[in-house]
Amino acid sequence: MSEDTTKLLDSNGDRIERLIQMVAGLVSDVAEIKTRLTALEQRVESLEQKVEERLYDTRPIWESVQAQITELREGQEKIVSEVRALRIAFGRSYGDMLTTQEEHEIRISKLEGKQ
């Protein structure tokens, strides 16, 4: 029975040794992950800084573009309203012209009928 106990202890010792090696491997992996995460955080911070700097560069341009777009829209609305007014005026003038033409034709017919 003492041999069985010795074998069990040796077997448990091997298991413990393997567990210690596995834990050491996990600690190493975690340290590597921390290193990579730190490097990744630095890269993200660098990118955020570049984006922020570029926003300062492009913000005045963007504001200018927005102002120009607003002016264009206002100009377009003015043109549209003026075209509508012209259409109405043209329609009235055309109607007046037709009426005048009809009156002239009636007068001409009357004058020709008198001769």
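**Surface and fold**

Tutor: Accessible surface first: the chain comes to about 11,200 Å², and 58% of that belongs to carbon and sulfur atoms. Keep in mind that this is a predicted model.

Student: What share of the residues counts as buried?

Tutor: 0% of the 115 residues in the chain.

Student: And how many helices and strands?

Tutor: The chain has 1 helix and 0 strands. Helix α1 covers residues 2-114.

Student: Switching to aromatics. How many aromatic pairs are there in the whole structure?

Tutor: A search of the whole structure gives 1. Phenylalanine 90 and tyrosine 94 make up that pair, and it is stacked. The ring centres are 6.4 Å apart, with 20° between the planes.

Student: Why does that count as stacked?

Tutor: Because the planes are 20° apart, and under 30 degrees counts as stacked.

Student: Is phenylalanine 90 buried or exposed?

Tutor: Exposed, because its relative accessibility is 60% and the cut-off for exposed is over 50%. Tyrosine 94 is at 42%, so it counts as partly exposed.

Student: Which residues form the nonpolar patch on the surface?

Tutor: Phe90, Tyr94, Met97 and Leu98. Together they have about 430 Å² of accessible area.

Student: What about leucine 98 itself?

Tutor: Leucine 98 is in helix α1. Its relative accessible area is 37%, so leucine 98 is partly exposed.

Student: Charges next. Which residues gather in the patch of negative charge?

Tutor: Glu41, Glu45, Glu48, Glu52, Glu53 and Asp57, on the surface.

Student: Pick one. How is glutamate 52 placed?

Tutor: Glutamate 52 lies in helix α1. At 36% relative accessibility, glutamate 52 counts as partly exposed.

Terms used: Residues are numbered from 1 along each chain as its sequence is written. This is a predicted model: local features need pLDDT of at least 70, side-chain atom pairs count only at pLDDT 80 or more; totals for chains, interfaces and linings use all residues. Side-chain values use heavy atoms; hydrogens and water are left out. Rings of Phe, Tyr and Trp (its six-membered ring) pair if their centres lie within 6.5 Å; planes under 30 degrees apart count as stacked, over 60 as edge-to-face and the rest as tilted. Helices (H or I, at least four residues) and strands (E, at least two) are DSSP runs, numbered from the N terminus. Buried means under 20% relative accessible area, exposed over 50%, partly exposed in between (1.4 Å probe, protein chains only). Patches are made of residues with over 30% relative accessible area and no salt bridge: like charges are joined within 9 Å, nonpolar side chains (Val, Leu, Ile, Met, Phe, Trp, Tyr) within 5 Å. Accessible areas come from the Shrake-Rupley method with a 1.4 Å probe; for residues, only the protein chains shown count as cover. A salt bridge is a side-chain nitrogen of Lys or Arg within 4 Å of a carboxyl oxygen of Asp or Glu. Lys and Arg count as positive and Asp and Glu as negative; His and the chain ends are not counted. The place of a charge is taken as NZ of Lys, CZ of Arg, CG of Asp or CD of Glu.
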